[in-house]
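Here are my notes on the model you asked me to look over. Have it open beside you while you read.

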Amino acid sequence: RLSDTCRPLLRGEVTLELRRDLKPQTTSKSSSGSPASQLVRGEEREQWEALRALRRKLAEEHAVPPYVIFPDSTLLEMLRSKPGSMAEMARVGGVGARKLERYGEAFLEVLSGKAEAPRVVADVRHELISLARAGMTPTQIAGQLQCSEKNVYTLLAEAIGKQQLSIEQALDLPEDLLGEVQDAFLDGEGELPPVSAIAEQFAGRVPEGVLYCVRAALQSEFEVLQRATKRHRPALA
């Protein structure tokens with residue numbers, strides 16, 4: 001719920017000064033990857049990544065972790081043994097009868113070069129964020145990624161909500177129009193209204209996806225402020 005204190009903060013009418021607590025430095029973990037990945041030779045890297053991309057796609061489709069499809073050790077054995085048929089694929093360690101039936105043909109196509117590595121949602125998100133940071137508009141991003149502008153705005157709003165993009169990076173809106181949209185969300189009491197509540201007000205002026213992006217930014221800022229004020233709220237006697 002948006003309090004009377006939060007609304008002026010979100011509008012930028014007042015500022016909130018917080019103390020930054022120093023945290024001890026920690027050493028970063030090694031990013032060298034799994035043991036199997038470290039065994040992949042340079043000339044094998046492209047096909048290895050293609051196998052992993054297919055695995056990620058299947059994992060997202062079935063809502064399971066990638067290793068449930070096949071662990072890295074199985075992918076490495078596929079890469080080295082180069083099975084050319086379902087019978088040969090069945091001899092790869094970790095490929096049981098059920099997984100062979102479900103995934104065998106798809107992995108054989110990648111190994112044979114008949115199928116390109118699929119673009120998974122995670123890869124599209126990463127590319128979209130990079131394009132937005134580079135200054136491309138949602139329309140240009142849609143053309144680059146060969147998808148609809150509606151999907152682009154959906155992913156932009158998601159990235160803004162996760163603080164992976166700022167509203168300025170995602171949208172090329174005049175400052176006064178952006179402020180007008182923000183004020184429309186912040187007028188009234190209680191929670192931020194849904195996009196449908198103000199959509200008619202901006203019909204024909206901005207795409208509806210813009211409203212979702214602005215709302216995501218305000219909601220994200222509110223959650224940050226809420227966490228900050230809770231951390232720095234003085235203890236009651």
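1. Ground rules. This is a predicted model, so to speak of local features pLDDT has to be at least 70, side-chain atom pairs count only at pLDDT 80 or more, and totals for chains, interfaces and linings use all residues. Residues are numbered from 1 along each chain as its sequence is written, and side-chain values use heavy atoms, with hydrogens and water left out.

2. Overall make-up. The protein has 14 helices and zero strands (DSSP runs numbered from the N terminus: H or I of at least four residues for helices, E of at least two for strands). Of its 237 residues, 36% count as buried (under 20% relative accessible area, with exposed over 50% and partly exposed in between, using a 1.4 Å probe and protein chains only). Take the contacts with a separation of 6 or more: 60% of them come from residues 24 or more positions apart (contact means heavy atoms within 4.5 Å).

3. The cores. The largest nonpolar core holds 38 residues, and Leu156, Phe185, Leu211 and Val214 have the most contacts inside it. Helices H8 (121-133), H9 (138-145), H10 (149-161), H11 (167-170), H12 (175-186), H13 (195-198) and H14 (208-231) each give it two or more residues. There is also a second, separate core of 23 residues, with Ala36, Val40, Met78 and Val95 among them. By nonpolar core I mean a set of buried Ala, Val, Leu, Ile, Met, Phe, Trp, Tyr and Cys residues joined through side-chain atoms within 4.5 Å.

4. H9 against H10. Their axes come within 9 Å and cross at roughly 110 degrees (axes are lines fitted to C-alpha atoms, for helices over the stretch in contact, and angles run from 0 to 180 degrees between N-to-C directions). H9 and H10 are therefore roughly perpendicular (65 to 115 degrees; under 35 is roughly parallel, over 145 roughly antiparallel, and the rest oblique). On the H9 side the contact uses Pro138, Thr139, Ile141 and Ala142, and on the H10 side Glu149, Val152, Tyr153 and Leu156.

5. H3 against H5. Helix H3 (residues 45-62) packs on helix H5 (residues 72-81) at about 135 degrees, with the axes 10 Å apart, so this pair is oblique. Gln47, Trp48, Leu51, Arg52 and Arg55 of H3 meet Asp72, Leu75, Leu76 and Leu79 of H5.
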